[in-house]
Amino acid sequence: LFAVLVALYEEPEKPDSALDFLKHHLGASAPENPELEALRLEVAEMKEKYEAVLEENKKLKTKVKVY
């Protein structure tokens, strides 16, 4: 953090927002990696499939109890 604050102080053209400068240099606003987005989509799909399997499992358990 100290190094980023020193970099901000030494910046010849001061940014409009010091907070944005800090976020950028600390990695909080790093550009999204396409692989990360693909993995997020895959995780969302897997969660949906998981929920569907859980629902199917409930239905099958109730059918087994009937027999």
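Here is a short chat about a predicted model of one protein chain.

Me: Hi! What elements does the chain have, helices or strands?
Reply: Hello! This is a predicted model, and in it the chain has 3 helices and 0 strands. Starting at the N terminus, the elements run α-α-α.

Me: Thanks! What radius of gyration does the chain have?
Reply: The chain has 24 Å, whereas a compact globule of 67 residues would have a value near 11 Å.

Me: And what does the C-alpha trace span along its principal axes?
Reply: The trace spans about 80 × 20 × 20 Å.

Me: How much of the chain is made up of buried residues?
Reply: Buried residues make up 6% of the 67 residues. The chain exposes about 6500 Å², and carbon and sulfur atoms supply 61% of that area.

Me: Let's switch to charges. How many positive and negative side chains are there?
Reply: There are 10 positive and 14 negative side chains. The centres of these two sets lie 17 Å apart.

Me: Which helix has the highest mean pLDDT, and which has the lowest?
Reply: Helix α3, residues 34-66, has the highest mean at 93. Helix α2, residues 18-26, has the lowest at 84. The chain as a whole averages 87, with 93% of the residues scoring at least 70.

Me: Which residues does the UniProt annotation "coiled-coil region" cover?
Reply: According to the UniProt record, an unreviewed entry, that annotation covers residues 36-63. In the model, residues 36-63 are 100% helix and 0% strand, and the end C-alpha atoms of this span lie 41 Å apart.

Me: One more topic: where is His 24?
Reply: His 24 has its place in helix α2.

Me: Why does His 24 count as exposed?
Reply: Because its relative accessibility is 51%, and exposed means over 50%.

Me: And what separates the C-alpha atoms of His 24 and Lys 58?
Reply: Those C-alpha atoms are separated by 47 Å, and the two residues are 34 residues apart along the chain.

Key. Residues numbered from 1 in each chain as written. Heavy atoms only, no water. Helix = DSSP H or I, 4+ residues; strand = E, 2+ residues; numbered from the N terminus. Rg over C-alpha atoms; globule rule 2.2 N^0.38 Å. Buried < 20%, exposed > 50% of the residue type's maximum accessible area, 1.4 Å probe, protein only. Areas by Shrake-Rupley, 256 points an atom, 1.4 Å probe, with all protein chains shown as cover. Lys, Arg positive; Asp, Glu negative; His and termini not counted. Charge placed at Lys NZ, Arg CZ, Asp CG, Glu CD. pLDDT = per-residue confidence, 0-100. UniProt positions renumbered as here; feature names shortened; annotations may be inferred.
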